[in-house]
Amino acid sequence: MDVNIAALAAVEHGFKTFEIEARKIVEQQGVFHSKEKALSLLNHNLYQVRACGVFVLGFIACKDATVLPVLKETARSDQSWQVQEIVAKSFDQYCKDIGYEKALPEILSWLKDKDPNVCRAVTEGLRIWTSRPYFKTNPEVAIKLISQHKASDSAYLRKSVGNALRDIGKKHMQLINKEISRWNLENKKIAFTHRCVLKKG
């Protein structure tokens, strides 16, 4: 199957076209050939084409153990914020396919990574965390995992952390208040995240 590069390149907003094209690739080519196609797409100069490749990897990640490291490296290296968003979606797809509780070791591994983009793929990808199986019944686990990056050097990651916790607070504000009451707000980075958690609207 040849990828419709022109159709992908024409997309200026949204990601649905990339996802649809990626599903076609996986359905028609199977895991092995889909991976080969995705790897070739990741080398393209257009972010739209790379995004399609990342979606492909997300759809096959639970079936091929070599795919997650490629997604992680893409998070580290791709400069497109659009591609970063698809990495987050694809990581969540992997967690959904394998099961969120079973995915915990991988979630922990990505959150421990030194690159903030890798960590953000998790904090952002799993939003809203407590709408996901396992975390829905274990919100305190989600809060603990997310909160470990409240003082990140990356404002990009801290904003994601704050937003993710604010999401959870809509149903579990008591747990959120318990968590943030322990934060040292003299730390400017933590104070920034704290403001994001409590931001209205």
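Modeller: By the rule used here, the count comes to 12 salt bridges. The model is predicted, so local features need pLDDT of at least 70 and side-chain atom pairs count only at pLDDT 80 or more, while totals for chains, interfaces and linings use all residues. Residues are numbered from 1 along each chain as its sequence is written, and side-chain values use heavy atoms, with hydrogens and water left out.

Colleague: Why is the pair K16 and E19 called a salt bridge?

Modeller: A salt bridge is a side-chain nitrogen of Lys or Arg within 4 Å of a carboxyl oxygen of Asp or Glu. For K16 and E19 the N to O value is 3.5 Å, so the pair meets that definition. Both residues lie in helix α2 (residues 16–41), 3 residues apart, about one turn of the helix. Helices here are DSSP runs (H or I, at least four residues), numbered from the N terminus.

Colleague: What does E19 do with R23?

Modeller: E19 and R23 meet in a salt bridge as well, at 3.6 Å, N to O. Being 4 residues apart in helix α2, they are separated by about one helical turn.

Colleague: How do you know whether K16, E19 and R23 are buried, partly exposed or exposed?

Modeller: Buried means under 20% relative accessible area, exposed over 50%, and partly exposed in between (1.4 Å probe, protein chains only). K16 has 53%, so K16 is exposed. E19 has 18% and is therefore buried. R23 has 37%, so R23 is partly exposed.

Colleague: Which residue forms a salt bridge with R120?

Modeller: E124 does, the closest N and O atoms being 3.9 Å apart. R120 and E124 lie in helix α7, 4 residues apart. R120 is buried because its relative accessible area is 9%, and E124 is buried because its value is 19%. Both belong to a network of salt bridges that links E85, R120, E124, R127 and D167.

Colleague: What makes R132 buried?

Modeller: Its relative accessible area is 16%, so R132 is buried. R132 sits in the loop between α7 (116–125) and α8 (139–147). Leaving aside neighbours within four places in sequence, R132 is in contact (heavy atoms within 4.5 Å) with D92, Y100, G125, L126 and R127. The R132 side chain reaches the backbone oxygen of L126 at 3.3 Å.

Colleague: Which residues line the largest pocket?

Modeller: The lining is E19, R23, F55, G58, F59, K89, S90, D92, Q93 and K96. The elements giving two or more residues to this lining are α2, α3 (47–60) and α5 (81–98). The largest share, 5 residues, comes from α5. On a 1 Å grid over the protein atoms alone, a pocket is an open set of points where a 1.4 Å probe fits, with protein on both sides within 12 Å along at least five of seven lines; lining residues have an atom within 4 Å of a point.

Key
Polar contact = N/O pair within 3.5 Å; in protein donor to acceptor, adjacent residues only side chain to side chain.
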